[in-house]
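Thanks, everyone. Let me put the model up, and then we'll walk through a few side chains.

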Amino acid sequence: MSLDWSALGQVTAVSIGVTVAVVVVFALGVLGLARFEGARAENGTTHAVSLTQAALCFAACAAVVAYGIYLIVPQFH
């Protein structure tokens, strides 16, 4: 019986950890986008690094969501 609770605890810990990681990556993407927009509004120039940071972070979040959907929907297997 304790093995079942241990497995539930592990699944809970992993899901909370992944959720926090995705939120942090998404926040970094928003930060990159804000820096890009701030530079454009401030002096009319753009920073390609900030836009690249935002794009990579949003792409990583989309990949995690797509993988989660893949794991949930049985027709994809």
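Start with Phe26. This residue is partly exposed, at 44% relative accessibility. On the cut-offs: buried is under 20% relative accessible area, exposed is over 50%, and partly exposed is in between, with a 1.4 Å probe and protein chains only.

A word on the source. This is a predicted model, where local features need pLDDT of at least 70, side-chain atom pairs count only at pLDDT 80 or more, and totals for chains, interfaces and linings use all residues. Residues are numbered from 1 along each chain as its sequence is written, and side-chain values use heavy atoms, with hydrogens and water left out.

Now, aromatic pairs. The rule takes rings of Phe, Tyr and Trp (its six-membered ring) with centres within 6.5 Å; planes under 30 degrees apart are stacked, over 60 edge-to-face, and the rest tilted. How many aromatic pairs does that give? Two. One is Phe26 with Phe58: tilted, 5.3 Å centre to centre, 50° between the planes. Phe26 lies in helix α1 and Phe58 in helix α2 (residues 48-72), so this pair ties together parts that are 32 residues apart in sequence. Helices here are DSSP runs of H or I, at least four residues, numbered from the N terminus. Phe58 is partly exposed, at 29%.

Then there is Tyr67 with Tyr70. Their ring centres are 6.3 Å apart and their planes at 25°, so this pair is stacked. Both tyrosines sit in helix α2, three residues apart, about one turn of the helix. Tyr70 is partly exposed, with a relative accessible area of 36%.

Next, Leu33. Leu33 belongs to helix α1, residues 2-43. What does Leu33 touch, not counting residues up to four places away in sequence? Ser50, Leu51, Ala54 and Phe58. Contact means heavy atoms within 4.5 Å. Leu33 and Ala55 are 22 residues apart in sequence, and their C-alpha atoms are 8.5 Å apart in space. Leu33 is partly exposed, at 35%.

Last, the cysteines. How many disulfides are there? Zero, taking a disulfide as a pair of cysteine sulfur atoms within 2.5 Å. Cys57 is in no disulfide. Cys57 is buried, at 12% relative accessible area. Cys61 is buried too, at 9%.

Definitions and conventions
Helix = DSSP H or I, 4+ residues; strand = E, 2+ residues; numbered from the N terminus.
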